[in-house]
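Hi everyone, thanks for making time. Let me put the structure on the screen and then walk you through a few local features.

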Amino acid sequence: MKITGTLIKKLDIQLGTSKAGKEWSKKSFIIEQEDNYSTQVCIDVMGDKIDEFEKMEIGNCYDIGVNISSREYNGKYYTNINGWRIDNKIASTSKAEDDSEDLPF
């Protein structure tokens, strides 16, 4: 699945250890989708993918490949959105380009 939106916030890296004793790291990114309601989505990135996603710049628009999964715990369901690929979306025209159309020559 793909989510398209503007990066608005990068959260701090979270570190931990699994039950099996393996260390893990996770970083979350907040994306504002380009829809009628400007919905914000928190996308988690694990391990080696963090470096790839860290290159994203706040304010830029991206297409992000995600996996969505839910799990049950004590009768409640929890949903995760995990990022696995980013594509820099085509940049919108800059203000300077827009102003050039208004010039009289």
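Let's begin with serine 38, which sits in the loop between β3 (23–33) and β4 (40–46); strands here are DSSP runs of E with at least two residues, numbered from the N terminus. A word on the source: this is a predicted model, where local features need pLDDT of at least 70, side-chain atom pairs count only at pLDDT 80 or more, and totals for chains, interfaces and linings use all residues. Residues are numbered from 1 along each chain as its sequence is written, and side-chain values use heavy atoms, with hydrogens and water left out.

Back to our loop. β3 and β4 make a hairpin with six residues between them, and they run antiparallel, joined by seven bridges; strands pair if DSSP finds at least two bridges between them. Within that pairing, lysine 26 is opposite methionine 46 in β4. Serine 38 has a positive phi, near 50°, although this residue is not a glycine.

Where else do we see a positive phi in a residue other than glycine? Asparagine 74, with phi near 55°, lies in the loop between β5 (61–73) and β6 (76–88). Asparagine 74 is exposed at 64% relative accessibility, while serine 38 is partly exposed at 38%. The cut-offs are under 20% relative accessible area for buried, over 50% for exposed and partly exposed in between, with a 1.4 Å probe and protein chains only.

Finally, the cysteines. Cysteine 42 is partly exposed at 36%, and cysteine 61 is buried at 16%.

Note on methods
Helix = DSSP H or I, 4+ residues; strand = E, 2+ residues; numbered from the N terminus.
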